[in-house]
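Dear colleague,

Please find the structure below, together with its sequence. My notes on what was found in it follow directly after.

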Amino acid sequence: MAVQKKTRYVLIRRRGFSLACLGGAFGLPPALRWGIGEVEPADRHFPGWPDELAGRPLERAKLADREKAFAQGFPGATAVFQDGARRIVFRYTERPTRRLRPAEECLAEEDFAIRHLPDVVDEQGAVWNSFEAYKTWERWLVRERVFDHAGGSWPTAGEWFWPALLGATRGPWWAVVTMEPLSR
């Protein structure tokens with residue numbers, strides 16, 4: 001059985017390589033030709049962090065352990081800010097990546113229970129994913145979205161990934177997660 005599994009793995013790898021070569025020949029998007037964007041550094045054109053979000057000034061903060069999970073292996077830049085009570089995580093990338101993980105996944109890995117809420121539409125008409133994350137001593141209202149500079153916006157990284165990978169949207173992209181503490 002081990003020999004069969006190994007043979008199947010080799011065949012799959014060879015087919016994958018062949019498909020990548022064909023993709024290069026027939027003009028598929030680069031992310032499909034070469035994997036998921038492992039070709040160039042992601043932050044070569046980084047414009048810098050924003051000064052405000054929704055009219056509120058931002059103050060730079062240090063990455064907490066949970067935010068370090070966002071940044072680990074991420075092909076781009078990550079920073080954390082505060083605008084009063086809210087904690088805001090910005091991520092910037094210039095290529096499609098599965099490493100742009102949804103906040104829900106990261107918080108669930110830290111044993112937070114998740115309660116989904118209806119999506120929220122902000123003053124500019126952008127749709128934000130919304131949920132509560134809580135465990136014994138913490139409770140947060142979390143909102144997130146991914147957007148590009150051409151007006152494209154997605155409420156979750158999962159909804160953004162395939163349009164980005166298939167070239168329906170062009171980078172760079174920003175992912176924003178806001179976490180507001182909720183009282184008990």
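Leaving aside neighbours within four places in sequence, threonine 178 is in contact (heavy atoms within 4.5 Å) with Leu53, Arg86, Arg87, Ile88, Trp128, Leu141, Val142 and Arg143. Threonine 178 lies in strand β10; helices (H or I, at least four residues) and strands (E, at least two) are DSSP runs, numbered from the N terminus. With a relative accessibility of 4%, threonine 178 counts as buried, where buried means under 20% relative accessible area, exposed over 50% and partly exposed in between (1.4 Å probe, protein chains only).

Please note that this is a predicted model, in which local features need pLDDT of at least 70 and side-chain atom pairs count only at pLDDT 80 or more, while totals for chains, interfaces and linings use all residues. Residues are numbered from 1 along each chain as its sequence is written, and side-chain values use heavy atoms, with hydrogens and water left out.

A nonpolar core is a set of buried Ala, Val, Leu, Ile, Met, Phe, Trp, Tyr and Cys residues joined through side-chain atoms within 4.5 Å. The largest one has 13 residues, and those with the most contacts inside it are Leu53, Leu58, Phe81, Ile88, Phe90, Trp174 and Val176. At least two residues of this core come from each of β4 (77–82), β5 (87–93) and β10 (173–181). Tryptophan 49 and phenylalanine 90 form a tilted pair, at 6.5 Å centre to centre and 50 degrees between the planes. Tryptophan 49 lies in the loop between α2 (30–33) and β1 (52–53) and phenylalanine 90 in strand β5, so the pair ties together parts that are 41 residues apart in sequence. Phenylalanine 90 is buried, at a relative accessible area of 3%. Phenylalanine 161 and tryptophan 162 form an edge-to-face pair, at 5.1 Å centre to centre and 75 degrees between the planes. Of these two, phenylalanine 161 is buried, at 2% relative accessible area, whereas tryptophan 162 is partly exposed, at 45%. One aromatic cluster is formed by Phe46, Trp49, Phe81, Phe90, Tyr92 and Trp174.

In helix α5 (residues 157–165), the residues Ala157, Trp160, Phe161, Ala164 and Leu165 are buried. Seen down the axis of α5, its buried residues fall within an arc of 115 degrees (taken from the directions from the helix axis to the C-beta atoms), so they line one face of the helix.

Finally, the structure holds six salt bridges, each being a side-chain nitrogen of Lys or Arg within 4 Å of a carboxyl oxygen of Asp or Glu. Arginine 56 forms one with aspartate 83, the closest N and O atoms being 3.2 Å apart. This pair links distant parts of the chain, with arginine 56 in strand β2 (residues 56–57) and aspartate 83 in the loop between β4 and β5, 27 residues apart. Arginine 56 is partly exposed, at 38% relative accessibility, while aspartate 83 is buried, at 12%. Another salt bridge joins the side chains of glutamate 132 and arginine 139 (3.2 Å, N to O). Salt bridges that share partners join Arg56, Asp83 and Arg86 into one network.

With kind regards

Technical notes: Rings of Phe, Tyr and Trp (its six-membered ring) pair if their centres lie within 6.5 Å; planes under 30 degrees apart count as stacked, over 60 as edge-to-face and the rest as tilted.
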